[in-house]
Amino acid sequence: MLAAVLAAACTTQVPPMHYDSENTAAVYPAPEMPAFEQLPEIQTLPDPFTFADGRKLKRFSQWESRRAEIMAQIQHYEIGVKPNTPKDCVTAELRHGNPEPPVWNMPPGVPVPDIPLAKDTMVVKVSVNGEELLIHCPIIYPEGDGPFPAIIGIGFWAGAGSLPSKIFTDRNIAMIGFPFSEVMAHHQTRGEEPINRLYPELQEMGAYAAWPWGVSRVIDALEILGDESRIDLSHLAISGCSFAGKMALFAGAFDERIALTIAQEPGGGGAAAWRVSETLGEVETVGRTDYTWFKESMRQFSEENVARLPIDHHELCALVAPRALLVFGNPDYPWLADEAGYVSCYAAHKVWERFGVPERMGWSFQDGHGHCQLPESQWPELEAFVDRFMLEKEACTDVQKAPMFENVEPEKWIEWGIK
């Protein structure tokens, strides 16, 4: 009965599909951040509906301040500060033509997709502390005048990340490339990356703070260009696979202007819950992840100390709420810790359920294909989310596909779940 009352209280208003600002929670102060030895052990997944001071979230209007707490904790304990950069520090220029040759940034072994070449480049300039950083974003436009929905694709020079570009070109959706290495290298040298010229004091920053910062500056630039960009800013998506799947998830979690986040095979450090991963053997855990992506101090939460983390990655996923999130998994690659990804998605979905929009979050885990190669059997799930959240068409997005984990009991990890 109590659960029904709480659910009803949380659904008195229909949550927005996207927001006009990067972070509506920026006005809230950060909670107290206890030192490692003062943190309590939490063996199950922390409750996203309980504030740091013990208060319970009772209505959707409180989610903004709860998001602020979760974001602050993730930055403090895991990735470092995502800088708050005023928009007046950003300028944008749209250059026609394609003067730059393709540059592929994905690791060896990931196939290069068959995508058309971009014919326009958006040059984003960020000026801070007397220093400048340039981001060159190739844009593939559909035919016509627009404005067009757009997907920011991470990993390749242009396109939809590792997703099949045909799904987007067939729907007259623009594709914007994000050259992440112009912000921070795939394996950073701390203090010596492009973003460090602007923020030299943030040497402990992990890549998953830096890269989402760059994505946000790209969106700033689109806003600055306005009609000239020919992009419909109310229907932005972001995608990436593997390390770029993590990047897409962090970017979507930390920038509320993104309407649809598609995290493809993000693995440990992405959608997978650290606590669950620690029980699975030789998978990506806190102690085994790439520390150029996170703060070095996160190592203190390795192994049994993972229980001291005040947050976990079901809450990273939940930061996307009430906007749309689709997570793809590939259990053929044990390192991805997809069982932990499934449990995390199941737990995160409780947030969308509480707010009365469960259809905005889904997951699809399927084996039998290569890493970062979405099989055609998973295209319908992707197409449904694209149609519904980028084109506002009728589509069924009730996607909860993970047959290989049917014997897993995610409820044991979420004592706070609504029954």
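A cavity is here a set of points, on a 1 Å grid over the protein atoms alone, where a 1.4 Å probe fits but cannot get out, and its lining residues have an atom within 4 Å of a point. Grid points are joined across faces, edges and corners, and a volume is the space filled by probe spheres set on the points. The structure is a predicted model, in which local features need pLDDT of at least 70 and side-chain atom pairs count only at pLDDT 80 or more, while totals for chains, interfaces and linings use all residues. Residues are numbered from 1 along each chain as its sequence is written, and side-chain values use heavy atoms, with hydrogens and water left out.

The structure holds 1 cavity of 30 Å³ or more, and the largest cavity has about 30 Å³ of space. Its lining includes Pro 266, Gly 267, Val 327, Phe 328, Asp 338 and Phe 365. Strand 8 (324-329) and helix 9 (338-354) are the elements that give two or more residues to this lining; helices (H or I, at least four residues) and strands (E, at least two) are DSSP runs, numbered from the N terminus. By class, the lining has 8 nonpolar, 2 polar and 1 charged residues, where Ala, Val, Leu, Ile, Met, Phe, Trp, Tyr, Cys and Pro count as nonpolar, Asp, Glu, Lys and Arg as charged, and the others, Gly among them, as polar.

The sheet is open and has 10 strands in the order 1-2-3-5-4-6-7-8-9-10, with mixed pairing; two strands pair if DSSP finds at least two bridges between them. Strand 1 (90-96) and strand 10 (400-401) each have a single partner strand and stand at the edges, so one side of each is left without a neighbour in the sheet. Strand 10 pairs with strand 9 in the parallel sense over 2 bridges, and Lys 401 in strand 10 has Ser 364 opposite.

Gln 378 is placed in the loop between strand 9 (361-365) and helix 10 (379-390). Gln 378 counts as buried because its relative accessibility is 0%, buried meaning under 20% relative accessible area, exposed over 50% and partly exposed in between (1.4 Å probe, protein chains only).

Notes: On a 1 Å grid over the protein atoms alone, a cavity is a set of points where a 1.4 Å probe fits but cannot get out, and a pocket is an open set with protein on both sides within 12 Å along at least five of seven lines; lining residues have an atom within 4 Å of a point.
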